[in-house]
Amino acid sequence: MNIITDYTHSAKGLCLFFYRLADKVISAVCHARIVRFESGKIRNCSIARCFYLLLVALALAIPVDARSLTPVEGLETLRRSFDGIQDFSAEITQEKQLSIMKKKMVMQGEVRFRKPDLFFMDIAPPYSSKVLLKDTVLQQRLGAGAELQRIALPPEQGLSRWFASIYKPVKTVPDGMTVRASQAGGLTTVMIRPVKGGQLRELIIVMQEDGAINRLSIEERNGDKTVITFRKIRKNIGLTDADFRLE
Amino acid sequence: MFRLFLLAVASVFLMSCVKGQGLPDRSLAVPGRVVETISSTVILSLNTTDRNFTGRGVMVYRRPDQIRLVLLSPFGTTLMEMKLNGEQLTLTYPADGVAYQGRIADLPASTGQRGFTMLRWVLDSDPPSGAPDNGEIEQKARNGALERIVLEDGLVLEKNLSTGERVRYRDYKALSGVRMAFEILMDSAEGDRIKLTLEEPDINTTLEESLFNVSLAGLHLLPLSRLISR
């Protein structure tokens with residue numbers, strides 16, 4: 001069975017969780033900016049916003065019943081998927097197909113998350129990098145032996161504040177986006193497209209029947225594309241502080 | 001500041017003319033072979049008094065003066081993009097939906113004209129003919145400032161301008177018959193520091209013109225003269 005619904009909502013005043021969630025997703029790609037500091041504090045950090053994008057995808061690792069979805073159902077599924085999660089980890093493969101490169105850039109790594117405010121990503125060589133986000137403090141180390149970079153995010157971009165806002169169910173699709181959902185071959189696909197222009201052309205999330213995420217695809221308007229594949233997803237495994245350290 | 005990092009990027013090309021520091025033996029280099037093209041992922045670090053940034057990107061270069069660099073977020077999306085083709089410079093900021101294009105000379109002074117002046121200095125400065133393999137030489141740079149070049153084993157290790165700018169080349173390796181530096185350190189006259197590290201570069205491969213094309217689709221194109229400080 002292949003059911004695809006296309007839905008564009010124009011209602012205003014949405015204050016639901018997924019509006020914020022989607023805003024984060026879109027913002028992660030559409031409003032990315034180079035990190036800037038002002039008197040020791042960051043003014044804008046798109047990199048941090050990208051974490052939300054990944055978190056959205058990882059949330060889908062939690063099993064849900066595969067079924068036909070309306071756009072609202074699809075978005076609500078994303079929101080609900082966070083319920084019951086205390087922590088999780090997953091191995092990832094990130095493939096970047098960029099117009100500036102003839103070959104794909106392939107990265108292997110691991111991500112970890114623990115409520116309410118910890119996220120960690122470790123990418124293996126040759127593109128080694130480690131990133132740790134603890135609420136509003138972002139730390140990263142790019143390359144072997146590189147210096148640790150520490151960035152302070154604005155309070156409104158903190159992880160804990162973001163998670164505090166996910167308890168209201170999604171009832172409408174936010175303005176400014178088109179959502180499509182389909183089921184085929186045991187896979188559920190949710191596609192999100194901004195109605196207007198911007199950096200993001202399309203975001204695709206593919207889930208398996210048990211709700212575990214299979215793939216996340218981010219396509220930019222310039223044609224560049226990033227595909228993140230997830231595997232060995234484990235949830236509620238009791239991650240400790242030791243799992244969230246930048247050595 | 002951005003201009004300085006641009007300069008750092010450009011400086012990589014000079015590194016291809018460089019060598020030294022107990023690095024690869026001269027015998028590993030094919031006589032007469034130089035870097036014609038580079039394709040590489042890079043790590044770029046900027047440290048200034050009020051700003052710190054480290055990011056990964058991808059850069060392509062074709063001699064003598066074509067450069068394109070894309071700076072990426074951890075999840076692969078584009079933070080910014082730069083293309084230099086001779087005197088023509090294009091900068092894009094996809095998140096802001098804006099791009100700037102024009103001649104380097106059109107840059108407003110308030111955004112740091114000096115950095116781009118340095119860029120041209122770097123790009124246009126081949127090792128002087130007749131320079132010794134080891135030692136220091138002085139010459140007049142394109143911008144009129146006095147330029148001091150430190151050489152070792154036939155490679156440039158360091159370049160200094162009398163106006164205070166300095167470029168240092170590190171981590172030399174032999175690659176495809178060319179000795180080139182994989183790391184460059186730049187210091188501005190104001191004390192800002194930029195470090196550019198090449199990761200697994202491919203050199204002297206065929207780079208199609210499309211690799212240097214910057215997509216302006218969906219971006220509001222403005223003249224370079226309207227560039228604002230970022």
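This is a predicted model: local features need pLDDT of at least 70, side-chain atom pairs count only at pLDDT 80 or more; totals for chains, interfaces and linings use all residues.
Residues are numbered from 1 along each chain as its sequence is written, while chains are lettered from A and ligands numbered from 1 in the order in which they are written.

**View 1. The aromatic pair of B:Tyr93 and B:Tyr100.** Rings of Phe, Tyr and Trp (its six-membered ring) pair if their centres lie within 6.5 Å; planes under 30 degrees apart count as stacked, over 60 as edge-to-face and the rest as tilted. A pair of aromatic rings is described by the distance of the centres and the angle of the planes. B:Tyr93 and B:Tyr100 are edge-to-face, at 6.2 Å centre to centre and 75° between the planes. Both tyrosines, B:Tyr93 and B:Tyr100, are buried (under 20% relative accessible area; exposed is over 50% and partly exposed lies in between, with a 1.4 Å probe and protein chains only).

**View 2. Cis peptide bonds in chain A.** Most peptide bonds are trans. A cis bond joins A:Lys115 to A:Pro116, with omega about 5°. A:Pro116 belongs to the loop between strand 5 (105–114) and strand 6 (118–123) of chain A. Helices (H or I, at least four residues) and strands (E, at least two) are DSSP runs numbered from the N terminus. A further cis bond, with omega about 10°, joins A:Pro125 and A:Pro126; A:Pro126 is in the loop between strand 6 and strand 7 (129–134) of chain A.

View 3. A:Ser160 is partly exposed, with a relative accessible area of 30%. Beyond its neighbours within four places in sequence, A:Ser160 is in contact (heavy atoms within 4.5 Å) with A:Pro116, A:Asp117 and A:Asp135. A:Lys130, 30 residues from A:Ser160 in sequence, is 21 Å from it in space, C-alpha to C-alpha.

**View 4. Positive phi at A:Lys232 and B:Asn204.** Most residues other than glycine have a negative phi. A:Lys232, in strand 14 (residues 225–235) of chain A, has a positive phi of about 50° and is exposed at a relative accessible area of 60%. B:Asn204 has a positive phi of about 55° and lies in the loop between strand 12 (193–203) and strand 13 (220–223) of chain B. Its relative accessibility of 30% makes B:Asn204 partly exposed.

**View 5. The largest pocket and its lining.** A pocket is an open set of points on a 1 Å grid over the protein atoms alone where a 1.4 Å probe fits, with protein on both sides within 12 Å along at least five of seven lines; lining residues have an atom within 4 Å of a point. The largest pocket contains about 550 Å³ of space, the volume being that filled by probe spheres set on the points, which are joined across faces, edges and corners. Of its 28 lining residues, A:Leu142, A:Ala146, B:Ser45, B:Lys195 and B:Thr197 lie nearest the centre. Strand 12 of chain B gives the most to the lining, with 6 residues. The lining has 11 nonpolar, 8 polar and 9 charged residues (Ala, Val, Leu, Ile, Met, Phe, Trp, Tyr, Cys and Pro count as nonpolar, Asp, Glu, Lys and Arg as charged, and the others, Gly among them, as polar).

Terms used
Side-chain values use heavy atoms; hydrogens and water are left out.
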